[in-house]
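Here is a short walk through one structure. Keep the sequence and the 3D view open as you read.

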Amino acid sequence: MAPGNGISFNSPNGIAIDSSDNVYVTEFRGNRVQKFTSDGVLVAQWGTQGGAEGQFRSPTGIAIDGEGNVYVSESGNHRVQKFTPDGQWLASWGSQGSGEGEFRSAMVIASDSDGRLYVSDWGNNRIQVFDSDGTYLDAWGMGDKGQGGLVTPTGLKVDGEGNLWVVDRGNSRVLKFTSDGEILAVWGSEGHDQGQFRVPTSIAIDGDGNFYVAEVDGSRVQIFSSTGDYLSELFAPGLLSGPHGLAFDSAGNLYVGDTRNNYVRKFRLASPP
């Protein structure tokens, strides 16, 4: 999915894949959502720049619930919008602030099998939890680093057991929480070595439970086992530039938002070592 084949992107950022392997992409600077088949055929698109219903200002995250509803988080409008699979507006919630249900840049969104939605509230250094209609349920991540405190959290992913994985961008690490916010594990530190991160942004989990972390400054994706052991580096530096957005389809293909190059790249992966 790249310029030159009739498809164009302007800073592709978030990627989500539905049960039919349709691929949804948010464009940070393009202020829209595009929907494609797994072969890159455009199915639908919606959004223009603005603050009205169905408009966007710097959309970043995207998630799809079990009923196929599409949720988009906006860093510029400090809110979440809910759509049908073809882009019909259903609801929105959020405004700028630090109270319950308010955001200072709603960055990334993830959904679990119970219909809960998790939003990384970047400027407030927390994760907020909502039901599918936008009712506030909980928040966590505020506090000391040693107790799971977050600094500008970005990427989110719910695993098959319902645990939430969080990319803690400001602390250059990944944390694993229960759905209630209890911290289970922590990995990573700042640096260029294996298992270290330079501005991590996104996370995805494959069918074997291995997790993948994209780095903006590292311009790479690192692969780890479910227990955090380093396995390999998916891409050599130079192929990607500022990657945001990682997602797997049902066949195990990995989609990467190559943000600065304005591509979405699809990879068929060999099993990690």
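**A threonine in a loop, then a sheet**

The side chains of Thr84 and Asp86 are joined by a polar contact of 2.4 Å. Such a contact is a pair of N or O atoms within 3.5 Å; within protein, one must be able to donate a hydrogen and the other to accept it, and residues adjacent in sequence count only if both atoms are side-chain atoms. The model is predicted, so local features need pLDDT of at least 70, side-chain atom pairs count only at pLDDT 80 or more, and totals for chains, interfaces and linings use all residues. Residues are numbered from 1 along each chain as its sequence is written, and side-chain values use heavy atoms, with hydrogens and water left out.

Thr84 lies in the loop between strand 7 (79–83) and strand 8 (89–93). Strands are DSSP runs (E, at least two residues), numbered from the N terminus. Is Thr84 buried or exposed? Thr84 is buried, at 17% relative accessible area; buried means under 20%, with a 1.4 Å probe and protein chains only. Leaving aside residues up to four places away in sequence, Thr84 touches Trp46, Val70 and Leu90. Contact means heavy atoms within 4.5 Å. Val70 is 14 residues from Thr84 along the chain, and their C-alpha atoms are 6.0 Å apart.

Four strands form an open sheet in the order 17-18-19-20, with antiparallel pairing. Strands pair if DSSP finds at least two bridges between them. Strand 17 (200–205) and strand 20 (230–233) are at the edges; each has a single partner strand, so one side of each lacks a neighbour in the sheet. Strand 17 pairs with strand 18 (residues 211–215) over five bridges, in the antiparallel sense. Ala204 stands opposite Tyr212 in strand 18.

Technical notes. Buried < 20%, exposed > 50% of the residue type's maximum accessible area, 1.4 Å probe, protein only.
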